[in-house]
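Please open the structure in your viewer and keep the selection tool at hand.

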Amino acid sequence: MFDYVIVGAGSAGCVLASRLSEDPDVQVLLLEAGPPDTKENVHVPLGYLKLAGTDVDWDYHSAPERECNGRRIQLPRGKVLGGSSSVNAMVYIRGNRRDYDDWGLSGWSSADLLPYFIKAEDNERGASRWHGVGGPLPVSESRSRNVMASAFVDAGVEAGLARNDDFNGDEQDGVGLYQVTQREGMRASAAVAYLHPAMERPNLTVMPYMLAERVLFEGTRAVGVQASQLGQPQEFRAQREVILCGGAYNSPQLLMLSGIGPAEHLTLREVEVLLDQPAVGENLSEHAAAQLVWTTPEEESLLLALEPAALEEYEATRTGPFASNLAEAGGFARVGPGASAPDVQFHLAPVHIVDDGMSDPEGHGVWVSPCLLTPQSRGSVRLASSDPTAKPLVRNEFYTAGDDMQRMIAALRLTLDICGQAAMRPYCAEPFNTPDGDTDDALRAHIARTTFAIYHPVGTCRMGDDADAVLDSQLRVNGLESLRVVDASVMPVVPRGNTNAPTIAIAERAADLIRHGRALAEPFEAAAGASPSRQPAAA
Ligand SMILES: Cc1cc2nc3c(=O)[nH]c(=O)nc-3n(C[C@H](O)[C@H](O)[C@H](O)COP(=O)(O)OP(=O)(O)OC[C@H]3O[C@@H](n4cnc5c(N)ncnc54)[C@H](O)[C@@H]3O)c2cc1C
């Protein structure tokens with residue numbers, strides 16, 4: 001018997017397990033389907049390149065994507081302590097303040113969330129108006145500093161974009177080097193940052209290899225979780241709450257397996273309906289990204305990691321190729337007509353990526369990717385079967401709504417412009433995977449051929465003030481008692497940027513809501529006495 005049963009030890013689950021167990025009078029249970037985070041490739045930054053398709057990856061694929069030549073797109077997701085924060089690219093981005101303000105939800109504006117971004121943060125640049133020190137989550141400069149990363153920034157400036165040293169500061173627009181969630185050249189997953197320091201608490205129990213199969217109810221009140229470990233069924237009772245932190249694919253899947261979802265679909269899958277909630281699994285909001293790859297005679301790429309000197313360097317100083325998060329540089333720009341904030345983000349990886357990273361590079365090269373930050377297209381998550389071990393059906397529906405394709409074409413043109421500038425020319429020497437021409441048709445064909453999902457799915461258990469939302473703005477499942485969802489799935493719309501830091505800030509605020517019934521942090525304006533015009537661009 002526990003007070004709280006948390007399902008999923010990912011970015012959000014680790015924050016909640018740590019914050020809720022700060023109260024020694026409550027018993028917290030954290031269930032995780034995957035193994036402990038003992039693999040070296042989880043902790044050495046570059047190592048995550050070798051994790052896709054292993055036992056720490058759920059290894060999902062989308063349904064055939066209509067506007068992408070019917071391709072099934074790879075959807076990696078962490079299945080391990082730390083969840084996707086144990087396998088991600090470590091880019092630290094909060095999003096743009098407009099994202100949260102546009103949600104229009106009481107308690108979730110940029111001013112409400114900024115104190116939680118800061119509370120979480122331990123930024124090696126020190127404390128400032130926008131940044132925190134002393135929080136659990138280390139944020140630092142990359143210790144790889146590949147020359148192609150700086151070249152991309154210089155090329156962006158040559159192409160007319162601003163140089164930006166802090167995308168989470170005054171302005172989000174511009175090009176620069178990303179800060180990363182690392183400490184001293186090692187990955188700082190949510191497990192490393194939040195869970196490991198709390199593991200010894202007598203009131204926190206962590207169970208890896210434990211797959212939650214459905215939520216247990218008495219009437220409409222959630223009272224526990226049915227799970228299995230290595231095929232052995234188990235039940236856990238929650239006196240106060242069950243909290244789902246399974247991520248944007250698995251939380252809606254678990255709700256549906258528990259009878260909460262679109263009634264017609266559940267009946268089709270032979271799941272008994274507890275609550276007809278059509279919004280569960282709908283509204284999947286994700287960043288579609290295209291790819292460009294060149295080869296170069298310059299021997300500067302991360303292929304140097306294969307040289308013995310690279311390992312020696314990493315072991316001695318935790319610097320060099322092994323410290324790379326891959327996506328070392330990038331930035332934000334506006335391509336849509338009249339865009340009031342960035343609608344495109346760039347990621348540059350100083351390596352020759354072949355086969356979506358599933359094959360080893362044969363030579364030196366560079367990979368550059370624009371992604372669409374404000375997609376109008378929405379996808380869905382559905383059950384493929386009532387078997388809890390079956391993979392869910394994920395449809396991204398990329399480029400099926402609004403002007404998403406037109407804006408991606410413009411984004412690709414801008415990326416090609418940057419890569420054609422003097423600073424990038426030595427590295428973009430020979431086209432390897434680039435469009436056949438500059439016409440809209442050629443660019444569209446390239447986008448259809450190379451689009452991938454850049455790992456930021458949200459929205460499938462969206463919170464809202466409206467009766468149709470899955471969750472209320474306290475993240476409680478509407479129509480039921482003692483059941484919350486806290487993870488990336490709760491965001492109504494994907495923010496402009498990478499989603500780990502936003503998920504952690506949401507979980508920090510949720511911990512206050514669960515423990516105290518209200519957010520304890522004062523909104524930013526009240527705390528800093530700032531006028532709205534001085535609010536941060538990022539959160
Ligand atoms: C390859 C990759 C690269 C990325 N790069 C970046 C980046 O550079 N920067 C950034 O900000 N974001 C990045 N992201 C996105 C970011 O990591 C996620 O948005 C964030 O981690 C989501 O957190 P979450 O808590 O919602 O889910 P997750 O962290 O995915 O956690 C869900 C957890 O629940 C567990 N679980 C699921 N179902 C069950 C069940 N039935 N029973 C028990 N346990 C279960 C899972 O195993 C997992 O541990 C990346 C993601 C990926 C996959």
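Two strands are said to pair if DSSP finds at least two bridges between them; helices (H or I, at least four residues) and strands (E, at least two) are DSSP runs, numbered from the N terminus. Residues are numbered from 1 along each chain as its sequence is written. This is a predicted model, in which local features need pLDDT of at least 70 and side-chain atom pairs count only at pLDDT 80 or more, while totals for chains, interfaces and linings use all residues.

**First stop: a strand**

Select strand β18, residues 292–295. It pairs with strand β21 (residues 365–372) in the antiparallel sense over four bridges, and there leucine 292 has valine 368 as its bridge partner. Strand β18 also pairs with β24 (residues 430–433), again in the antiparallel sense, over three bridges; tryptophan 294 stands opposite proline 431 of β24.

Are the residues of β18 buried or exposed? Leu292 and Trp294 on one side, and Val293 and Thr295 on the other, are all buried (20 or more other C-beta atoms within 10 Å of a residue's own, with C-beta atoms placed from the backbone). In a regular strand the side chains alternate between the two faces of the sheet.

**Second stop: two helices**

Next, select α4 (residues 110–120) and α12 (500–516). Their axes, lines fitted to C-alpha atoms over the stretch in contact, lie 8 Å apart at an angle of about 105°. Helix α4 is therefore roughly perpendicular to α12, a term for angles of 65 to 115 degrees, taken between N-to-C directions on a scale from 0 to 180.

Methods: Angles under 35 degrees count as roughly parallel, over 145 as roughly antiparallel, 65 to 115 as roughly perpendicular and the rest as oblique. A residue is buried if 20 or more other C-beta atoms lie within 10 Å of its own, exposed if 12 or fewer, and partly exposed in between; C-beta atoms are placed from the backbone.
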